[in-house]
Amino acid sequence: MYVCLCNALTDRDVRAHGAGEGCSVAMVYRALGCEPQCGKCVPYVRQLLRSAPMPAAGVEVGGDD
Ligand code: FES
């Protein structure tokens, strides 16, 4: 599901790049090579980082199953 329309980021992108304690929203955007534009997604991305289970290391992202 898209969580950031400005940068076309999905919840999978966020989870894949948000693994690890102390990871901030800004760190996720930086890791994905973009930055918030309108900022509407920031609260949702933050919530995802806090609540979503992170994938195991080595999980490949970006492909459509
Ligand atoms: S929806 Fe993410 S910056 Fe606009």
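Reply: C38 counts as exposed, because it has 10 C-beta neighbours inside 10 Å. The terms work like this: a residue is buried if 20 or more other C-beta atoms lie within 10 Å of its own, exposed if 12 or fewer, and partly exposed in between, with C-beta atoms placed from the backbone. This is a predicted model, where local features need pLDDT of at least 70, side-chain atom pairs count only at pLDDT 80 or more, and totals for chains, interfaces and linings use all residues. Residues are numbered from 1 along each chain as its sequence is written.

How far can you trust it? pLDDT is the predictor's confidence in each residue, from 0 to 100. The protein chain averages 82, and 75% of the residues score at least 70. Confidence is highest in β1, at a mean of 96, and lowest in α3, at 89.

Now the layout. The protein chain has 3 helices and 2 strands. Along the sequence, the pattern reads β-β-α-α-α. Helices (H or I, at least four residues) and strands (E, at least two) are DSSP runs, numbered from the N terminus. Of the 65 residues in the chain, 17% are buried.

On to the core. A nonpolar core is a set of buried Ala, Val, Leu, Ile, Met, Phe, Trp, Tyr and Cys residues joined through C-beta atoms within 7 Å. The largest one here has 9 residues: V3, C4, V14, V25, V28, Y29, C41, V45 and L49. At least two of its residues come from each of β1 (2-4), α2 (25-31) and α3 (42-51). The largest share is from α2, with 3 residues. In soluble globular proteins, nonpolar side chains tend to be buried together.

Take V3. It sits in strand β1. V3 is buried because 20 other C-beta atoms lie within 10 Å. Two residues are in contact if their C-beta atoms, placed from the backbone, lie within 7 Å. Setting aside residues up to four places away in sequence, V3 touches L9, T10, D11, V14, C41, Y44, V45 and L48. Look at V45 in that list. V3 and V45 are 42 residues apart along the chain, yet their C-alpha atoms are separated by 7.2 Å.

Among contacts with a separation of 6 or more, 55% join residues 24 or more positions apart.

Next, Y29. It lies in helix α2. Y29 is buried, because it has 21 other C-beta atoms within 10 Å. Beyond its neighbours within four places in sequence, Y29 contacts C34, E35 and P36. From Y29 to V45 is 16 residues in sequence and 9.7 Å in space, C-alpha to C-alpha.

V25 is another core member. Leaving out neighbours within four places in sequence, V25 is in contact with V42, V45, R46 and L49.

Now step outside for comparison. R30 is also found in helix α2. R30 is exposed, because it has 12 other C-beta atoms within 10 Å. H17 is 13 residues from R30 along the chain, and their C-alpha atoms are 9.4 Å apart.

Back to C38. It lies in the loop between α2 and α3. C38 and N7 are 31 residues apart in sequence and 9.9 Å apart in space, C-alpha to C-alpha.

Finally, A8. It is found in the loop between β1 and β2 (9-10). A8 counts as exposed, because it has 11 C-beta neighbours inside 10 Å. Its phi is positive, about 55°, although A8 is not a glycine.
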